[in-house]
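The questions below concern a ligand site and the pockets of one model. Each answer ends on the item asked for.

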Amino acid sequence: MTEPLEATRHYLQALFGAEEGILPTIRQHLKRHKLPDISVPPEVGRLLSFLVRLCQPQHILEVGTLGGVSGICLLQGDADLVTIEKGELQAAVAEESFALAGLADRVEVLVGDARTVLPTLTPPFDLLFLDAEKSEYPDYLELAIPLIRPGGLIVADNVLRRGKPVYPTPGDATATGLRRFNRQLADDPRLDAVILPLLGDYSFNSIDGIAIARVNLSVA
Ligand SMILES: C[S@@+](CC[C@H](N)C(=O)[O-])C[C@H]1O[C@@H](n2cnc3c(N)ncnc32)[C@H](O)[C@@H]1O
């Protein structure tokens with residue numbers, strides 16, 4: 001019998017169809033450049049595109065570009081994207097991906113550590129997608145909240161990664177970072193947040209989760 005997560009992915013694909021447009025070509029492009037297979041899976045890409053259609057942001061900020069798969073999912077409608085990537089190779093592959101997708105003129109790829117790049121950016125952004133180093137999520141959040149307009153959205157991937165924040169191992173920086181991040185989402189009066197449990201990543205049959213938070217309108 002097909003194992004449950006794979007069967008569920010097949011079921012969702014049968015319902016909604018396989019990934020469309022340029023994305024399969026972009027995933028092949030990343031494979032050719034030997035980038036790791038850690039782009040958002042199709043169901044998360046679909047969720048990002050759905051959130052963009054729902055909220056119609058004009059200016060989107062992303063932390064963790066890799067090869068541009070999530071960036072392309074975010075570039076619905078006429079939004080523009082600033083995306084931060086610390087790896088030069090990844091940023092170069094992403095530039096090619098955005099060009100292949102015909103989106104290069106709507107994207108700025110900034111190369112550097114998000115913790116030094118974020119304080120240099122000019123607000124406001126309408127939507128932030130966090131998908132870089134999980135242990136650094138609390139730093140990204142603190143630096144990025146002032147960049148997001150009141151009413152804007154913050155989406156963060158992998159916030160329940162393999163149950164690490166639920167069953168933390170002493171000394172595990174990912175577990176510690178995600179526990180701090182999730183606690184801040186729950187407690188920060190500037191935010192109104194939910195965390196949705198998700199299917200695990202492709203290579204590990206385990207739980208994951210995505211956080212969706214709104215910056216409160218009363219935050220100046
Ligand atoms: C999971 S991948 C991003 C996948 C991408 N969002 C997608 O779905 O197409 C994480 C990326 O974050 C980058 N990264 C890690 N730490 C970073 C940091 N401090 N600043 C900027 N980028 C970082 C890594 O080099 C890697 O390419």
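Q: Which helix and which strand each supply at least two residues of the shell around the ligand?
A: This is a predicted model, where local features need pLDDT of at least 70, side-chain atom pairs count only at pLDDT 80 or more, and totals for chains, interfaces and linings use all residues. Residues are numbered from 1 along each chain as its sequence is written, and side-chain values use heavy atoms, with hydrogens and water left out. Helices (H or I, at least four residues) and strands (E, at least two) are DSSP runs numbered from the N terminus. The elements are helix H4 (69–74) and strand S2 (80–85).

Q: How many residues surround the ligand?
A: The closest include Val 40, Gly 64 and Glu 136. By class, the shell holds eight nonpolar residues (Ala, Val, Leu, Ile, Met, Phe, Trp, Tyr, Cys and Pro), seven charged ones (Asp, Glu, Lys and Arg) and six polar ones (the others, Gly among them). The number of residues around the ligand is 21.

Q: How far from an oxygen atom of the ligand does a polar side-chain atom of Glu 85 lie?
A: A polar contact is a pair of N or O atoms within 3.5 Å. A nitrogen atom of the ligand is 2.8 Å from a polar backbone atom of Gly 64, and a ligand nitrogen is 2.8 Å from an N or O atom in the side chain of Ser 70. For Glu 85 and the ligand oxygen, the distance is 2.6 Å.

Q: Which pocket is the space taken by the ligand?
A: A pocket is an open set of points on a 1 Å grid over the protein atoms alone, where a 1.4 Å probe fits, with protein on both sides within 12 Å along at least five of seven lines. A molecule sits in one if more than half of its atoms lie within 2 Å of its grid points. The ligand takes the largest pocket.

Q: How much space lies in the second largest pocket?
A: A volume is the space filled by probe spheres set on the points, which are joined across faces, edges and corners. The largest pocket holds about 860 Å³. For the second largest pocket, the value is about 460 Å³.

Q: Which elements give two or more residues to the lining of the second largest pocket?
A: Lining residues have an atom within 4 Å of a point. The elements are helix H1 (4–16), H3 and S6.

Technical notes
Near = heavy atom within 4 Å. Polar contact = N/O pair within 3.5 Å; in protein donor to acceptor, adjacent residues only side chain to side chain.
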